[in-house]
Amino acid sequence: MSAAIPATPAIHAAPEEMRQREQIADFGKSLFERGLTAGSSGNLSVRLSDGWLLTPTNASLGRLDPADLSKLDWDGNLISGAPPSKEAFLHRAMYEERGSAGAIVHLHSTHSAAVSCMCGLNHDDCIPPLTPYFVMKVGRLPLVPYHRPGDPALAGAIGAMARKHSAVLLANHGPVVSGSSLEAAVYAAEELEETAKLFLLLRDVPTRPLDAAQIADLKHTFKLDI
């Protein structure tokens with residue numbers, strides 16, 4: 001008789017944590033199926049009252065099990081679940097600098113990653129304000145200089161920029177986007193990807209980004225903190 005396969009341990013979590021776990025799996029599947037992440041690239045995280053949830057290392061966002069998500073404390077220690085993404089420090093650095101961040105999305109989405117490889121970018125604002133929606137959801141997008149994947153020095157580079165920016169673009173890598181909720185962070189990451197696509201399409205075409213007065217009007221009208 002073959003040995004019984006052990007059951008997955010039950011998660012004893014508050015209803016809100018369970019809701020967040022399921023939401024991470026749902027949004028991960030949506031991002032994967034629409035080609036915004038591939039293979040095991042990208043990671044999602046959500047702030048909790050007693051720590052934070054992060055997608056595990058080597059996990060496809062298209063096949064996440066809510067029960068396997070990594071739960072960490074604010075010192076980076078694993079509380080439960082599978083081993084976390086090696087880019088956990090990247091998320092933690094942004095949370096530490098942005099108290100308003102309830103969730104973070106890091107993708108290797110095609111057009112944003114393509115922009116991150118370009119020469120001649122304005123490192124303080126590497127994608128121009130082509131649409132009001134980009135301004136409203138992302139704001140100014142600084143470029144973080146290249147660091148190898150997993151380099152702890154990246155935490156300091158991201159932290160310094162996260163004090164003033166809700167999103168950054170990692171050179172030769174991809175975007176890191178925070179939001180008040182996972183839904184907000186995903187929507188902002190999607191808007192960034194669409195604007196990156198526009199930016200690439202318009203490279204050889206004279207363009208008319210929003211001017212300072214138009215951006216100021218958006219900030220005033222929608223009470224933007226960007």
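Start at Leu-48: its bridge partner in E2 is Gly-51. Strands here (E, at least two residues) and helices (H or I, at least four) are DSSP runs, numbered from the N terminus. Two strands pair if DSSP finds at least two bridges between them. The model is predicted: local features need pLDDT of at least 70, side-chain atom pairs count only at pLDDT 80 or more, and totals for chains, interfaces and linings use all residues. Residues are numbered from 1 along each chain as its sequence is written, and side-chain values use heavy atoms, without hydrogens or water.

**Stop 1: confidence**

Color by pLDDT, the predictor's confidence in each residue, from 0 to 100. The protein chain averages 94, and 94% of its residues reach 70 or more. Now select residues 1-10. There pLDDT stays under 50, and the model has 1 contact beyond four places in sequence. Contact means heavy atoms within 4.5 Å. Where pLDDT is low, the predicted coordinates should not be read in detail.

**Stop 2: the sheet**

Show the strands. Eight of them form an open sheet with mixed pairing, in the order E4-E3-E2-E1-E5-E8-E7-E6. Strand E4 (78-80) and strand E6 (143-144) are the edges, each pairing on one side only.

Return to E1. A hairpin of 2 residues links E1 to E2. E1 and E2 are antiparallel, with 4 bridges. Which strand lies antiparallel to E1 (residues 43-48) over 4 bridges, at residues 103-106? Strand E5 does. Pick Leu-44 and look across to Val-105 in E5, which stands opposite.

Step next to E2 and E3. These two pair antiparallel through 3 bridges. Select Trp-52 and find its bridge partner in E3, Leu-72.

**Stop 3: helices on the sheet**

Select residues 15-33. This is helix H1, and it lies across E1, strand E2 (51-54), strand E3 (70-72) and E4. H1 runs at about 160 degrees to E1. Then select residues 182-201, helix H6, which packs on the sheet and touches E1, E5 and strand E8 (174-179). The direction of H6 makes about 145 degrees with that of E8. Axes are lines fitted to C-alpha atoms, for helices over the stretch in contact; angles run from 0 to 180 degrees between N-to-C directions.

Keep both helices on screen. H1 and H6 pack at about 15 degrees, with axes 11 Å apart. H1 and H6 are therefore roughly parallel to each other (angles under 35 degrees count as roughly parallel, over 145 as roughly antiparallel, 65 to 115 as roughly perpendicular, the rest as oblique). Show side chains: Gln-23, Ile-24, Phe-27 and Leu-31 of H1 meet Leu-182, Glu-183, Val-186 and Glu-190 of H6. By class, this H1–H6 contact has 5 nonpolar, 1 polar and 2 charged residues. Ala, Val, Leu, Ile, Met, Phe, Trp, Tyr, Cys and Pro count as nonpolar; Asp, Glu, Lys and Arg as charged; the others, Gly among them, as polar.

**Stop 4: H2 against H5**

Finish with residues 88-97 (helix H2) and 153-162 (helix H5). Their axes come within 8 Å and cross at roughly 30 degrees. H2 and H5 are therefore roughly parallel too. From H2, select Phe-89, Leu-90, Ala-93, Met-94 and Glu-97; they meet Leu-154, Ala-155, Ile-158, Gly-159 and Ala-162 in H5. By class, the H2–H5 contact has 8 nonpolar, 1 polar and 1 charged residues.
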